[in-house]
Amino acid sequence: MSPRKADPRTRAHIVDTAGRLLTDEGPQALSTRRIAQEAGSSTMAVYTYFDGIGGLVHAMVREGFSRLQEHLTRVEGTDDPVSDLALLGRAFRHNASHNEHLYAVMFGGCSLAGFSVSEEDRQHGRYTLRNVTECVQRCMTAGRFHHGDPELVSHRLWCAVHGLTTLDLGSYLIPPYDADRCFEDQLVSLMVGCGDLPGPAGVSVADSATRLTALTAARS
């Protein structure tokens, strides 16, 4: 008898279940028995789909970056590359808020005994910068940004937005300097720091907020 084909829906459900357990209860909750119980599956499923807990955690990393990449690739290029770039930043944050249970493990922020993010895992994360680097190059070509190394600039933006997102998810940003206020200021400041003028940068960032609403509405 041939082995039963893996069901991608079951696989994704187990990944989400493990991620939520990790977020809510910590690493001690990641046992095959507990994950299977919460996911409504058998303990064997964890081995069938992931070859054990270690494989499951690596799958959580890959799934997290896959969802991030999906959010970023939904941002379509327009004749305003600075608005496009700001929208990529919004898409990054939006993905994190909707996949918070995967975010910490994606970037090695969870202390899991016997597990560490591999170089192959990290390559999945770095790959998502391609969208940002291409958009930065468009901003430079349009004369909105100073000419330079677009990949270095994309890393600068990544570091900044990731930092704010981490603080936001940790509930460190509160009124009057809550996450939304800080993020809007950050986006404009980043664009100006890359060479854009304050006025046009503000207009483009505001436009990206409107576009995010349309983007998420189309997705739902």
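## Ground rules

Helices (DSSP runs of H or I, at least four residues) and strands (runs of E, at least two residues) are numbered from the N terminus. With that in hand, take residues 31–50: the span is 80% helix and 0% strand, and its end C-alpha atoms lie 13 Å apart.

Keep in mind that this is a predicted model, where local features need pLDDT of at least 70, side-chain atom pairs count only at pLDDT 80 or more, and totals for chains, interfaces and linings use all residues. Residues are numbered from 1 along each chain as its sequence is written, and side-chain values use heavy atoms, with hydrogens and water left out.

## What the UniProt record says

UniProt, in an unreviewed entry, puts a "DNA-binding region" at residues 31–50. The record also has the annotation "domain: HTH tetR-type" (unreviewed entry) over residues 8–68. UniProt positions are given here in the numbering used for this model, feature names are shortened, and annotations may be inferred rather than shown by experiment. In the model, residues 8–68 are 82% helix and 0% strand, and the end C-alpha atoms of that span lie 18 Å apart.

Let's start with helix α1, which runs over residues 8–25. α1 has 18 residues and reaches 25 Å from its first C-alpha to its last, close to the 26 Å expected at 1.5 Å a residue. (The expected span is 1.5 Å times one less than the number of residues.) Buried residues in α1 are I14, V15, D16, T17, A18, G19, L21 and L22; buried means under 20% relative accessible area, exposed over 50%, and partly exposed in between, using a 1.4 Å probe and protein chains only. What covers them? The cover includes α2 (32–39), α3 (43–50), α4 (53–73) and α6 (100–106), where contact means heavy atoms within 4.5 Å. Just after α1 comes G26, with a positive phi of about 90°.

Helix α4 has 21 residues and reaches 30 Å from first C-alpha to last, close to the 30 Å expected. Its buried residues include L56, V57, A59, M60 and V61. Further along α4, F65, R67, L68 and H71 are also among the buried ones.

## Where α8 meets α9

Helix α8 (residues 129–141) and helix α9 (residues 150–169) pack at an angle of about 120°, with their axes 8 Å apart. Axes here are lines fitted to C-alpha atoms, for helices over the stretch in contact, and angles run from 0 to 180 degrees between N-to-C directions. On the α8 side, L129, V132, T133, V136, Q137 and M140 take part, and they meet P150, E151, V153, S154, H155, L157 and W158 in α9. The residues of this contact divide into 8 nonpolar, 4 polar and 1 charged. Nonpolar covers Ala, Val, Leu, Ile, Met, Phe, Trp, Tyr, Cys and Pro; charged covers Asp, Glu, Lys and Arg; the others, Gly among them, count as polar.

## Spots in the loops

D51 lies in the loop between α3 and α4. Phi of D51 is near 60°, a positive value in a residue other than glycine, and D51 is exposed, with a relative accessible area of 68%.

The loop between α9 and α10 holds S171. S171 has a positive phi of about 60° although it is not a glycine, and S171 is exposed at a relative accessible area of 59%. P176 lies in the loop between α9 and α10 (179–193), and a cis peptide bond with omega of about 5° joins P175 and P176.
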